[in-house]
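Here is a short report on one protein model.

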Amino acid sequence: MWYLCVFYHRLLDYRKPEVESLSDLFGAFGDQHSPDLPTQNRVLEWRLPKQHHPDSPFHFVNLPSEDIARNVANRSILVKGIYELWGEGSSYEELEQAVKRYPAERKLPYLTSQSTFKITIDSFGKVMSLQEQNERIRGLSYIPFKGRVNLKNPDHNFWLIETDDTATNNGLPPVTQRRIFFGREVGVADRKLIPTYQLKSRTYLGPTAMDAEMAFLMANQAQAAPGKLVYDPFVGTGSILVSAAHFGAMTMGADIDIRVVRDGRGPDCNVWSNFKQYGLPMPIALLRADNNLPPWRPGLKEVFDAIICDPPYGVRAGGRKSGGRKLLKGVVGPYTVPDDKRADHIPSTAPYSLAECVHDLFDLAARMLVMGGRLVFFYPVLREDDSVEDHFPEHPCFNLVATSEQILSSRYSRVLLTMVKTSSYTEELALAARLKHMEFKENHTKWLEDGNLHSSVFSPADVGSGESKASKESKPKYRGKYV
């Protein structure tokens, strides 16, 4: 059945992938791990209202049942609401005719005298006064409501949503004609989640702590749910695992910095205290581990249901791996830490390029994820001429199902990659992955190995690039695209 899906006007590239991921989680495509339906076919049908821009917050989506639509809306971060559309039009006369044409057998169960109801007036691109809202409600007298009005806890909530019809778009996606929607609420998002988990009230923070909204989006892309085990190999202060634990998943993390995972800033200000602050289940374990030298015993496979992480890519913090410069160059040999110094010993580390980090992450995920498990991670890209690279690292064990760009500046952005494991790990596939990785590193992203993303982002602008700057400024920009 087709439903009206209304999004919040933010993080535009993340909206549809989140809905499709949650639809898959709640059974819109049948069994999640069924081999009969390849991952590339697990997509929903979408269409736009008449004369709406693709970046419009209004979309129609085809979902198999109302229960799935309600579950998706209630859990989503970027969906404002999903509605059963009773009618739409460019004027209130058209809307009235459309509502009257809507099948009576679909309307009457929600208009009985035994039920209570509420009508909510909403708009996009404009603000309506209380008087205007009351006029809109009185104009719906042609709908035979028989129940009582209940503004606090109604059985059924109906929405009248109107878009702006002015010539200027006010910094929003262009609207060529006013559109009015009327429908019954199926489900709405709980936006109280974001202020509850906002970073400014978090007990323990670090310089690379993931924003709460983005962390919840990553958890939704990974389909975190009760009974699933989620792992973050770059756990830091635990922001991503906190969001996964909120959705009921079991969590586990690792970091190369033992001071972060063991000590924090004291017994009441550490990773564990972040979970305690929100009353969430504690992680199964927090390890001091190196992504370059994983601690898992040989032969251990398919343990985690999802791996979610934000790898270090050298803008705010650079990657590190075990060894130290002298050890890696062979100046000194491997050493054993004396027993009396182990308690306070901090192992030496060396720079860890993004190319090596991404390869090791793929190898870890290919080994340790269950079939159908998800790998969700950020990948940085440089922006040139207002465009972004569309070729990303690959692995023969994974299928890329979603890419969502977040523009961080005019020079670089990060793309959230969502991948599903479709093949079991073998030594042959590991060799193929190594060759694919070397080819990618050679042909596509030159700054991966050198680690000079920081220089590319913060170096002075080229004075002679006036022409490209003018072309960038001539392209339309509106609120939300760069959030």
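Arg-191 is partly exposed, with a relative accessible area of 25%. The term covers the range between buried (under 20% relative accessible area) and exposed (over 50%), using a 1.4 Å probe and protein chains only. The model is predicted: local features need pLDDT of at least 70, side-chain atom pairs count only at pLDDT 80 or more, and totals for chains, interfaces and linings use all residues. Residues are numbered from 1 along each chain as its sequence is written, and side-chain values use heavy atoms, with hydrogens and water left out.

Arg-191 sits in the loop between β8 (180–188) and α6 (193–197). Helices (H or I, at least four residues) and strands (E, at least two) are DSSP runs, numbered from the N terminus. Leaving aside neighbours within four places in sequence, Arg-191 is in contact (heavy atoms within 4.5 Å) with Tyr-8, Arg-10, Ile-77 and Glu-213. Arg-75 is 116 residues away from Arg-191 in sequence, yet the two are 9.7 Å apart in space, C-alpha to C-alpha.

## Strand β1 and its partners

Strands pair if DSSP finds at least two bridges between them. β1 runs antiparallel to β3 (residues 58–62), joined by 5 bridges. Tyr-3 has Val-61 in β3 as its bridge partner.

β1 also runs antiparallel to β4 (residues 79–89), with 4 bridges. There, Leu-4 stands opposite Tyr-83.

## Two nonpolar cores

A nonpolar core is a set of buried Ala, Val, Leu, Ile, Met, Phe, Trp, Tyr and Cys residues joined through side-chain atoms within 4.5 Å. The largest has 40 residues; Tyr-14, Tyr-197, Met-214, Met-218 and Val-230 touch the most other members. Elements giving it two or more residues include α6, α8 (239–246) and β15 (369–384). Helix α7 gives the most, with 7 residues.

Leaving aside neighbours within four places in sequence, Val-230 has contacts including Leu-241, Ala-244, Met-252 and Ile-308. A second, separate core has 37 residues, among them Tyr-231, Met-252, Phe-304 and Cys-357.

## Helix α12

Helix α12 (residues 354–368) reaches 21 Å from its first C-alpha to its last. That is close to the expected 21 Å, taken as 1.5 Å times one less than the number of residues. The helix is largely enclosed by the rest of the structure, because 12 of its 15 residues are buried. Among them are Cys-357, His-359, Asp-360 and Phe-362.
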